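Please examine the sequence and the model shown here before reading on. The paragraphs that follow lead from one chain as a whole to single residues.

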2 protein chains.
Amino acid sequence: MARIDIDQLTAGIRDGRYRALAQAISLVERDDPAATRLLAELYPSTGKARILGITGSPGAGKSTLVDAMARHYRSLGQRVGIICVDPTSPFTGGAILGDRIRMQELYTDKGVFIRSMATRGFMGGLSRATNDVVDVLDAFGFDVVLVETVGVGQDEVDVIRTVQTNVVVLVPGMGDDIQAIKAGIMEIGDVFVVNKADRPGADRTVTEVNMMMSLVEEHSEWVPPIVKTVASLRQGIGDLAGAIEKHREYLVTSGELERRSRERVRIRIETRLKDQFMQRLVGETITPERYSAMLDDILHKRDNPHDAASALMDRVKF
Amino acid sequence: MARIDIDQLTAGIRDGRYRALAQAISLVERDDPAATRLLAELYPSTGKARILGITGSPGAGKSTLVDAMARHYRSLGQRVGIICVDPTSPFTGGAILGDRIRMQELYTDKGVFIRSMATRGFMGGLSRATNDVVDVLDAFGFDVVLVETVGVGQDEVDVIRTVQTNVVVLVPGMGDDIQAIKAGIMEIGDVFVVNKADRPGADRTVTEVNMMMSLVEEHSEWVPPIVKTVASLRQGIGDLAGAIEKHREYLVTSGELERRSRERVRIRIETRLKDQFMQRLVGETITPERYSAMLDDILHKRDNPHDAASALMDRVKF
């Protein structure tokens, strides 16, 4: 691959060139060493985009909802970046969800940029990669960045924790709700959507969410609203955008936006530090071969994980 | 608190004293500095227990199934340790599932030991704490250790990755299955259980699991069996134990047991190293106050996360 001119790429992003955008995202996804400089250069231009999470189980209609939301923001003249996090197995790395309905029509609109990311195969993890791509889209000038996730796994939870407003999408039907609610998704929602609200049981689902919400112990001043939508018919999207806007106002006036932005910074830096630490530890203080032999020694009881960890830490000077 | 005599505690565990067991587990859960020495002392006595994961959504009947399995292994004269991982919110730390049905009768049987662990509040994380408690139970002489989890979040996925055989519990009803399957739980199952199999739709669920299994790309030689149970009536438990035993034989003959045990060692040591790194980095190379000021600088664009991480890493000598 040709040497990457970071200055040119940075200028390309600032000038809004789509070719530079695609190049930059590829660089960032690969965690190319040059990406770090690019991101450092772009960082001062970030902070203007609204970063929204759209979280829900497969089958909840997230893609259709994201599509409808993108159209809504476009109709207001805003530019929309979309990051779809595709759930893949934590064990084989194979994507199960190949049947995602893509928003083909939107691709011809330069005001919408869509990127799919699989949950594996990113150096430093999905959370690192997603946040870096959000920064690139933000610096490029997208007004809204939608991050669509299933919300399962620490990686995805980390992604959710770095958005400004998280929209949790549910569908009518008790089974799904119990799942979503009891698995902790309940407490990560700033706004709840009951999508496919033309199906039977929509009102019951709204009631159930309200009931579960009353059981959550600690509440901030913000009481998450529940919005009914039929994304396929683009119904309720204005209400949803309104609820998101209200949450934005709450974030700003309560100081929560500052708190969340700070937490976002902390998560990002610590994720990167921990990964760099392991990379350098195995490589600079111990060869990969000796590290492997050490694991074998522990496995066969010639050593134990506790003393081995201490011995490795002793080689690092703080 | 009185000074802990680790030699006495280690001897107590080896001699099978229950008071020492409870003390040791408390020590380990707190990640007390003395716990490291205790675990290092006990480590050579580990490796004899069967470590089984029982993973499934709330409402799948995991607790009842674990109860029935414990009775089964007890009837064969085996001692059973049970670790129940209670899902709590990643954000408020409050346990939602207070309604767990506990296996009161079993408490009077010294051959069964039950410990509940919440998913938050452990230094070094739940995965670290759970694995250390598994080691204590193993060293104490429990023949089987059952680790019950909901299987959501990286912490729990890490726990699942460290068991020898993972049993995924499903219930009849399409909604639940789609959830479980698509969220990646499908590929973490060594044995599948369709519990509450006296309900309508049990056979359909078996068919669905079979269908989904055929879609999973990479398969090992092991084809996960699907066992129907009615845990509340203790039906199908012998079949389940048989399937687990067959998986054990596969693990041993294929070399997969060695591979998994090695991966368990690797995950455990790296989790501990990363946590110790962050603890020492913020404290020894930078004061918590200056670290906090650094995050503020990044937040307000006076610095960027990439250069800040590099600067921190530069202070560490490998």
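## From chain to residue

Arg234(B) lies in the loop that runs between strand E7 (226–228) and helix H9 (237–254) of chain B. The model is a predicted one, and in it Arg234(B) adopts a positive phi of about 55 degrees, although the residue is not a glycine.

Chain A contains 12 helices and seven strands. Of its 318 residues, 57% count as buried. Among contacts in chain A with a separation of 6 or more, 74% join residues 24 or more positions apart. The chain exposes about 13,200 Å², and carbon and sulfur atoms supply 50% of that area.

Helix H5 of chain A covers residues 125–140, 16 residues in number, and reaches 23 Å from its first C-alpha to its last. This span is close to the 22 Å expected at 1.5 Å a residue. How many of the residues of H5(A) are buried? The count is 16 of the 16, so the helix is largely enclosed by the rest of the structure. Just after H5(A) comes Gly141(A), which takes a positive phi of about 115 degrees.

In chain B, Arg50(B) belongs to strand E1 (residues 50–56). Is Arg50(B) buried or exposed? Its relative accessible area is 13%, and the residue is therefore buried. Leaving aside residues up to four places away in sequence, Arg50(B) touches Asp143(B), Val144(B) and Val145(B), and also Gln164(B), Thr165(B), Ile244(B), Glu245(B) and Arg248(B).

Finally, the cysteines may be considered. Cys84(A) is buried, its relative accessible area being 0%. Cys84(B) also counts as buried, at 0% relative accessibility. A disulfide is a covalent bond that links the sulfur atoms of two cysteines.

Notes
Residues numbered from 1 in each chain as written. Chains lettered and ligands numbered in written order. Predicted model: local features only at pLDDT ≥ 70, side-chain atom pairs only at ≥ 80, totals over all residues. Heavy atoms only, no water. Buried < 20%, exposed > 50% of the residue type's maximum accessible area, 1.4 Å probe, protein only. Helix = DSSP H or I, 4+ residues; strand = E, 2+ residues; numbered from the N terminus. Expected span 1.5 Å × (residues − 1). Contact = heavy atoms within 4.5 Å. Areas by Shrake-Rupley, 256 points an atom, 1.4 Å probe, with all protein chains shown as cover.
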